[in-house]
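Please view the sequence and the structure first, and then read the notes grouped by topic below.

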Amino acid sequence: MCGIIGYIGPKEAKDILLDALELLEYRGYDSAGIALNSGFENPIEVLKCAGRVSDLRKRCEGDKGKGNCGIGHTRWATHGGVCDENAHPHQFGNVTVVHNGIIENYKELMEHYHLAGDLTSQTDTEVAAAVLNHFYQGDPYAAIRKTVLKLKGTFALVIMFEDRPGTIYAVRNVSPIVATCCEEGCMLASDVTALCRFTNSYFVVPEFHVLEMNESGLKLYDMSGEEAIPQYMTVDWDVSRADKGGYPFYMEKEIMEQPDAIRRTIEGRIVNGIPDFSVDGVPDEIFTECERVIVVACGTAMHAGLVGQALIQSKLRMHVDVEYASEFMYADPVVDDKTLVIAISQSGETIDTLEALKYAKKQGARSLSIINVRGASIARESDYVLYTLAGPEIAVASTKAYTTQLAVLYLMVARMAYLRGTMSIEEIHEFVGELARVPKVMESVLSRRQDIHKFARAILNAKDAFMIGRGLDYSILLEGSLKLKEISYIHTEAYASGELKHGTIALITENTPVIAVVTQKKLHDKEMSNIREVKSRGASVTLFIKESYFSQEGEQDWSGIFTLPDMLDEFMVMPASVALQLLAYYVSMDKGLDVDKPRNLAKVVTVE
Ligand code: G6P
């Protein structure tokens, strides 16, 4: 949450900062700001405003602010409303700061240092700036060390001191900062997306270390003042994959990329028709020595976990819990050394998921994570990692990350079933063969996307919509409903359709839009009965149904009908997900909304 950038080098800092903030904007886009440091003769100049980076660009037009050193921030508001004053950077005395995270004890600090009358914003960040200023007596390290000892919560703080032109300092706890030194200069950022235009080499600033960057390079020190050696890594992000590629929105591009993303994710992980994680260095014991599985994740990643749960239970007859990461540790979960905890996360930075993972590890669990961003915090914290090879996902609404998470889960289930002998070799070959067919099946759905566009028009003006299905169809709809509500702002609820009659059916009236998914043989008849129940109360139903389960002779009065190409039932989640992603996308686009950056949301959530 919140995007941070810092730059010192031969180039004009303003341009580099603004471009980087645009790339980081998916972390938050309530307000944006930069601070430029152009030497002793000029004070640090702060330019900031509520709104998008594009608004900040306009604000910067005509401003003479020059300099080759600066810091920038794009905000997702936590403390204080969305307004110019609360935008970062914040200045207090000698100190200019940008911050990602939450300073939980900001109120106590305000009282302790008698700051109330001197603050100009409602943010916790300005309090941190004031505490830094309080401790600053000309020694940045001493001030930073003393300040972080006082802070409770999570933070990535990037700091400039008025009397230290051309130098940027950074320190963090939990919230991420990556950094690099390359031909174009020294840079730090919340994530590599902002750096990879310049270099593919970067390192993660370790927690509670101070990073110092100036014209002669960068240095890293631990809290006792000992110099530390940055551990450089290579990013495998292809920067060209982080642009819109001719599509109006990243979301459409990312939906269209799914067949290739799935191919990349499964290729190299199948040997002689059997999934094999040797390339990932994941040992088989992790799958054979566990007695139960707990999946921790948030949002879309959690929905992928629900599909994983259904698969593991049916193919392995093993107990699986799927938990919202934010709830997990507060429910006193039963975890021991026979538990395999699986953390699923696109960004690998979601703090709730990270904390849940740490908690499970402390209780003795072994851990595996399914992550998209290489080297992310959750990946580093896990015993083992299986990366999804979706490439950069920029749209806030997750699409290709979700389906590649599913692909990894299918591979994992088949590997486990092979090792534990719960499926025969023939069954595993069939299962893996079906997974290999997913990209082609998705392509067939994508080629008929204009049919789905037509259905979108029917729900464009709806205030509420319901999504109904059972079993795996319900899991798919939980994700489909999240997609629709987050980007179209239509209130949408996914319901297990057998449960409707216990209350929710009271909300179905003439023309209420209902979206139904029917792809599971064992549930087909019951799902169709539930659909009839809402139709007879006036609902206007759009049906997504597995091709071979659709009978032309049956009912005709659908608001829309889309047949999903046949796959084994347990794989129908793949074509159905793509169809529901397209539905949400077209509704949002036709409503003229900012599809990639829905209001109030952020792609990377690093606050609890
Ligand atoms: C945010 C995003 C969602 C995402 C969730 C979990 O809320 O807007 O799209 O599913 O975080 O993110 P993760 O990076 O852990 O998958």
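About 690 Å³ of space lies in the largest pocket, where a pocket is defined on a 1 Å grid over the protein atoms alone as an open set of points with protein on both sides within 12 Å along at least five of seven lines, and where a volume is the space filled by probe spheres set on the points, joined across faces, edges and corners. The model is predicted, so local features need pLDDT of at least 70 and side-chain atom pairs count only at pLDDT 80 or more, whereas totals for chains, interfaces and linings use all residues. Residues are numbered from 1 along each chain as its sequence is written, and side-chain values use heavy atoms, with hydrogens and water left out.

**Largest pocket**

- The lining of this pocket comprises 27 residues, with Cys-298, Gly-299, Thr-300, Leu-482 and Val-605 nearest its centre; a lining residue has an atom within 4 Å of a grid point.
- Helix 9 gives the most to this lining, four residues, while strand 20 (339-345), helix 11 (351-362) and helix 16 (472-488) are among the elements that each supply at least two; helices (H or I, at least four residues) and strands (E, at least two) are DSSP runs numbered from the N terminus.
- By class, the pocket lining has twelve nonpolar, twelve polar and three charged residues, with Ala, Val, Leu, Ile, Met, Phe, Trp, Tyr, Cys and Pro counted as nonpolar, Asp, Glu, Lys and Arg as charged, and the others, Gly among them, as polar.

**Ligand site**

- The ligand sits in the largest pocket, in the sense that more than half of its atoms lie within 2 Å of the pocket's grid points.
- Around the ligand are 13 residues, of which Thr-300, Ser-345, Gln-346, Ser-347 and Thr-350 come nearest, a residue being near if one of its heavy atoms lies within 4 Å.
- Helix 9 (residues 299-316) provides the largest share of this shell, three residues, and the shell as a whole has five nonpolar, seven polar and one charged residues.
- Oxygen atoms of the ligand lie 2.4 Å from a polar side-chain atom of Thr-350, 2.6 Å from a polar side-chain atom of Ser-347 and 3.0 Å from a polar backbone atom of Thr-300.
- The protein covers 89% of the 380 Å² of accessible area that the ligand has on its own, as computed by the Shrake-Rupley method with a 1.4 Å probe.

**Cavities**

- The whole structure holds four cavities of 30 Å³ or more, a cavity being a set of points where a 1.4 Å probe fits but cannot get out.
- About 240 Å³ of space lies in the largest cavity, which is lined by 23 residues, with Asp-191, Val-192, Ser-347, Glu-349 and Val-373 closest to its centre.

**Backbone geometry**

- A cis peptide bond, with omega about 0°, joins His-88 and Pro-89, and Pro-89 is in the loop between strand 4 (69-75) and strand 5 (90-92).
- Asp-332, although not a glycine, has a positive phi of about 45°.

Note on methods: Polar contact = N/O pair within 3.5 Å; in protein donor to acceptor, adjacent residues only side chain to side chain.
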